[in-house]
Each structure stands twice: as C-alpha cells, then as structure tokens.
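This note is written for a colleague who is meeting the structure for the first time. Please read the points below with the sequence and the model at hand.

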Amino acid sequence: MESQRLEYLRLTRIIDTPLEDRYEKYTRLLSRALNCAFAAVSFVDQEREWFKSVRGAVVSEIQADRSFGKLVIESSDDIVQAQNSSLGLGHVIAFDQPPVWLVGTPILIGGVHRIGALYVGLDHDLAAREDQEVLIDMARSIKRDLAQTRYHHISQDPIREAILC
C-alpha cells in the first residue's frame, strides 16, 4: 500500500515545484475561515514532508519522521488533532506564532492514497464539526486541482479514473 501511495505522489510531479497561486489560495482562505495564524498544504514522501504552501511559518521541508503531515497520512481518521508541544515541531518549523494545536486532514488520491495533508495551527482544538468540514472540503478541492492539473500526462485510463475517485 505504501508503494502505491508513493507512486500516486510521484505521478503528481508536485514535489519541489515552484509556488502556485492555487495552493496559496487554500492556505489564505483557510487562515481566514478558521481564524488561524498557521496553515499549510504539504506532501509526504518516504523521507520528508514538503510544503507546497505555508502561511504563518518559515519552512520548506522537514524530515517525514518528525512531521505532523506524516501523522495525518498514517491515521485512518478524517481529522487528526495533536497538541503542538507533544510533537516538538517548534524547533523544526519557525512559526510566526507557535500554535497550541495542530489540526489536519489528508489529501486523498484514488480514494485511499493519502499523499499529503492540509492543516492548521490553532490556540484551541477544532471541535465544531462545521469547522472540521471546512478543512475536509478544502482538501477535496486540492484533490480536484491535482486531478485537473497534475495528472494530464497519464494516458492510461484505469489509472486516471482511479485518481479521480
């Protein structure tokens, strides 16, 4: 399953690409919608969590084994929450305002392959289902963007259809 996840991630050709406004838009809107100082779109390969867009911190990548994104993709939950102090990310991510809680949802491709994470930093947990749905809906929008912009080079119909699930 991990090899398939990594193959779907590789097919996106997104790792190490320049900033794109479409991903900046997600972190900007999420920051406003949830009133948070930190928001990120990231993708996780076998060695690192790579950030496509970040608001409220200075970071481009961190080791996967020390990342919240890895925790999100390894969970079977739609929403993953953890206290930042228990993760020890303060020394690997230079937050503008260190959050108390990190709350994330996976970016899914092919219905089951968790290739990345969309997450926020808050001073409280994200208990309201409506707020959780904002996060989940934006992750689904990222998936649609990926399907429309990053998989156009795939000519095999079964793979393309699986990605669009």
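The numbered points go from the sheet to its helices, then to the cores, single residues and aromatic rings.

1. Basis of the note. The model is predicted, so local features are taken at pLDDT of at least 70 and side-chain atom pairs at pLDDT 80 or more, while totals for chains, interfaces and linings use all residues. Residues are numbered from 1 along each chain as its sequence is written, and side-chain values rest on heavy atoms, with hydrogens and water left out.

2. Six strands form an open sheet in the order 4-2-1-8-7-5, with antiparallel pairing. The edges are strand 4 (61-63) and strand 5 (80-83), each of which pairs on one side only. Neighbouring strands are turned against each other by 25° on average, direction ignored. Helices (H or I, at least four residues) and strands (E, at least two) are DSSP runs, numbered from the N terminus; two strands pair if DSSP finds at least two bridges between them. Axes are lines fitted to C-alpha atoms, for helices over the stretch in contact, and angles between N-to-C directions run from 0 to 180 degrees.

3. Strand 1 and strand 8. Strand 1 (residues 38-44) pairs with strand 8 (residues 113-122) in the antiparallel sense, over 6 bridges. Phe43 stands opposite Gly116 of strand 8.

4. Helices on the sheet. Helix 1 (residues 2-12) packs on the sheet and touches strand 1, strand 7 (101-109) and strand 8, its direction making about 75° with that of strand 8. Helix 2 (residues 21-34) also packs on the sheet, where it touches strand 1, strand 2 (48-55) and strand 8, at about 65° to the direction of strand 2. Contact means heavy atoms within 4.5 Å.

5. Strand 7. Of the 9 residues in strand 7, 7 are buried; buried means under 20% relative accessible area, exposed over 50%, and partly exposed in between (1.4 Å probe, protein chains only). Strand 7 pairs with strand 5 over 4 bridges, in the antiparallel sense, and Leu102 is the bridge partner of Ala82 there. With strand 8 the antiparallel pairing runs over 9 bridges.

6. Nonpolar cores. A nonpolar core is a set of buried Ala, Val, Leu, Ile, Met, Phe, Trp, Tyr and Cys residues joined through side-chain atoms within 4.5 Å. The largest has 27 residues, and Phe43, Val120 and Leu146 have the most contacts inside it. Helix 1, helix 2, strand 1, strand 7, strand 8 and helix 5 (129-149) each supply at least two residues of this core. Helix 5 gives the largest share, 6 residues. Apart from this core lies another of 16 residues, among them Phe38, Ala57, Phe68 and Tyr119.

7. Ile93. Where is Ile93 placed? Its place is in the loop between helix 4 (84-87) and strand 6 (94-95). Ile93 is buried, with a relative accessible area of 1%. Leaving out residues up to four places away in sequence, Ile93 touches Phe51, Ala57, Val59 and Ile62. Ile93 and Ala57 are 36 residues apart in sequence, yet 6.7 Å apart in space, C-alpha to C-alpha.

8. His113. His113 lies in strand 8 and stands opposite Ile109. At 5% relative accessibility, His113 counts as buried. Beyond its neighbours within four places in sequence, the contacts of His113 are Met1, Gln4, Arg5, Tyr8, Ile107 and Leu108.

9. Aromatic pairs. Rings of Phe, Tyr and Trp (its six-membered ring) pair if their centres lie within 6.5 Å; planes under 30 degrees apart count as stacked, over 60 as edge-to-face and the rest as tilted. By this rule there are 5 aromatic pairs. The rings of Tyr23 and Tyr26 have centres 6.4 Å apart and planes at 50°, so this pair is tilted. Both residues lie in helix 2, 3 residues apart, about one turn of the helix, and both are buried. Phe38 and Tyr119 also make a tilted pair, with ring centres 5.8 Å apart and planes at 50°. That pair links distant parts of the chain, Phe38 being in strand 1 and Tyr119 in strand 8, 81 residues apart. Ring pairs link Phe38, Phe51, Phe68, Phe95 and Tyr119 into a cluster.
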